[in-house]
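Please look over the sequence and the structure shown here, and then read the briefing below alongside them. It begins with a term and goes on to the chain, its core and its side-chain pairs.

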Amino acid sequence: MARSLKKGPFCEPKLILKVEKRNRSGDKSPIKTWSRRSMVLPEFVNHTFAVHNGKTFTSVFITENMVGHKLGEFSPTRIFRKHGVHTDKAVGLKK
């Protein structure tokens, strides 16, 4: 569900502080976060985030096109396996 326009974008305050600290120091190491619900702000551009997907941290480099989206959109939580039958034996083909 979309967030109300009158409320404005949501971003974890601690995450904003981490980005500001990295901007002042010039450090380019990844920022580790569990906050998948935080919206990507213009201050995040050209930073790398390690976004938790429930099991591991996925490295996400933020570009201008990502502003306005949520961090969780770039760190998938599910693994897609192929549709349909995968082996010849299951189909009943003889070699």
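A residue counts as buried when its relative accessible area is under 20%, as exposed when that area is over 50%, and as partly exposed in between, with a 1.4 Å probe and protein chains only. At 57% relative accessibility, Trp-34 therefore counts as exposed. The model is a predicted one, in which local features need pLDDT of at least 70 and side-chain atom pairs count only at pLDDT 80 or more, while totals for chains, interfaces and linings use all residues. Residues are numbered from 1 along each chain as its sequence is written, and side-chain values use heavy atoms, with hydrogens and water left out.

**The chain as a whole**

- The chain holds two helices and three strands, where helices (H or I, at least four residues) and strands (E, at least two) are DSSP runs numbered from the N terminus.
- Read from the N terminus, these elements follow the order α-β-β-β-α.
- Of the 95 residues in the chain, 27% count as buried.
- The chain exposes about 7600 Å², of which carbon and sulfur atoms supply 56%; such areas come from the Shrake-Rupley method with a 1.4 Å probe, and for residues only the protein chains shown count as cover.
- Among contacts (heavy atoms within 4.5 Å) between residues at least 6 apart in sequence, 42% join residues at least 24 apart.

**Helix α1 and the residue after it**

- Helix α1, residues 13–25, has 13 residues and reaches 19 Å from its first C-alpha to its last, which is close to the 18 Å expected at 1.5 Å a residue; the expected span is 1.5 Å times one less than the number of residues.
- Just after α1, Gly-26 takes a positive phi of about 80°.

**The nonpolar core**

- A nonpolar core is a set of buried Ala, Val, Leu, Ile, Met, Phe, Trp, Tyr and Cys residues joined through side-chain atoms within 4.5 Å.
- The largest such core has 13 residues, and those with the most contacts inside it are Leu-15, Val-40, Phe-44, Phe-49, Ile-62 and Leu-71.
- Helix α1 and strand β2 (48–52) each supply at least two residues of this core.
- Phe-44 is buried, with a relative accessible area of 1%, and, leaving aside residues up to four places away in sequence, Phe-44 touches Cys-11, Leu-15, Val-19, Met-39, Phe-49 and Ile-62.

**Salt bridges**

- There are two salt bridges, each being a side-chain nitrogen of Lys or Arg within 4 Å of a carboxyl oxygen of Asp or Glu.
- In one of them, the side chains of Arg-37 and Glu-12 meet at 3.3 Å, N to O.
- Arg-37 lies in the loop between β1 (31–33) and β2, and Glu-12 in the segment before α1, so this pair ties together parts that are 25 residues apart in sequence.
- Arg-37 is exposed at 53% relative accessible area, whereas Glu-12 is partly exposed at 25%.
- Asp-27 and Arg-22 also meet in a salt bridge, at 3.8 Å, N to O, and Asp-27 is partly exposed at 35% relative accessibility.

**Aromatic pairs**

- The structure holds two aromatic pairs, meaning rings of Phe, Tyr and Trp (its six-membered ring) with centres within 6.5 Å; planes under 30 degrees apart count as stacked, over 60 as edge-to-face and the rest as tilted.
- The rings of Trp-34 and Phe-57 have centres 5.0 Å apart and planes at 85°, so the pair is edge-to-face.
- Because Trp-34 lies in the loop between β1 and β2 and Phe-57 in strand β3 (residues 57–61), the pair ties together parts that are 23 residues apart in sequence.
- Phe-44 and Phe-49 form a tilted pair, 5.1 Å centre to centre with 50° between the planes, and Phe-49 is buried at 0% relative accessibility.
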